[in-house]
Amino acid sequence: MLVLTAGEVVAVRLGLPPAGSVRGTVVDAEGRPVAGADVAIGSGHPDDAMLPGTRTSRAGAFVVDGVPAGEVMLRVSAHGFWRATLRALAGSEPESLTITLCAAPRLDGVVVDDAGRPQPGVLVEAREPGTNRPLSTRVRTDAAGRFSLPCEADGPVVPWLRREGANVETVLQETFVVPRSGVVVRLAQPAGSVQGRLCRDGVPLPDVALLLLTDDGRRRAVGTSARGTGRFAFGQLPPGSYSLRARHSDREFELVRLTAASCVDVELGDVAFETPSPR
């Protein structure tokens, strides 16, 4: 400790620890280079923050300069592999390390809907049961609905899913033990909704009976435009095409044809309806 009195001037020489480097190559269990692996470096103490790291090249090689000379801790991680943690010596002429990553256990399967149709573009992630802590990166199902999740640990996991273009997330109740393949994950088609305002010459038209029919003519929903505002809404609609109709004098008149999508609220805006003239 240096103690100074008022008006005292002391020359202090500060010495910085010599800087070193760490270099090496990351390979898989068969000796093939692992490109794009994250290499993080710390001082070796668990409570210390990690220093800026790097990523491996296409040949699996990495070099980190400007590291305090001495013993450091390396953490190497790559998609599809177990994370590796090891100690190394950083110096001016460091020995080249060879770090082998072992393949992570996988959960492989396919996502289908209630009718068994493959669901492409669904985000899938493995999570820890009861905590929802992610145990894998997120992957997207391919055109055939298939996915392959390399997990951080073997044991029980639950799938987390989210449809492309939708904010509705699903964490399944079913638990799978990894490694496992051939899993079939069923994802029910979430409902959408349709809403709008019934008008005549731009003026809200209340108390009009409305029907929503499917393409094959089956009645899906019945409602009435709201008194005062002319607003209407139909919820819990499976994806598909529909015909919005108005009932007047015991006759039905088609107003508009529309398409409802999963998890999407369709706002039709003002829907014009001219009351038919009596014959």
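Search the whole structure for disulfides (pairs of cysteine sulfur atoms within 2.5 Å) and you come up with zero. This is a predicted model, where local features need pLDDT of at least 70 and side-chain atom pairs count only at pLDDT 80 or more, while totals for chains, interfaces and linings use all residues. Residues are numbered from 1 along each chain as its sequence is written, and side-chain values use heavy atoms, with hydrogens and water left out.

Cysteine 199 is buried, at 3% relative accessible area, while cysteine 102 is partly exposed, at 44%. Here buried means under 20%, exposed over 50% and partly exposed in between, with a 1.4 Å probe and protein chains only.

Three strands form an open sheet in the order 11-8-15, with mixed pairing. Its edges are strand 11 (146-150) and strand 15 (180-186), each pairing on one side only. Strands here are DSSP runs of E, at least two residues long, numbered from the N terminus, and two of them pair if DSSP finds at least two bridges between them. Strand 8 (residues 106-112) runs antiparallel to strand 11 over five bridges; among the residues involved, aspartate 108 has serine 148 in strand 11 as its bridge partner.

Phenylalanine 176 is buried, with a relative accessible area of 3%. Setting aside neighbours within four places in sequence, its contacts (heavy atoms within 4.5 Å) are Leu107, Gly155, Pro156, Val157, Pro159 and Val183. Alanine 126 is 50 residues away along the chain, yet its C-alpha lies 9.5 Å from that of phenylalanine 176.

Note on methods:
Helices (H or I, at least four residues) and strands (E, at least two) are DSSP runs, numbered from the N terminus.
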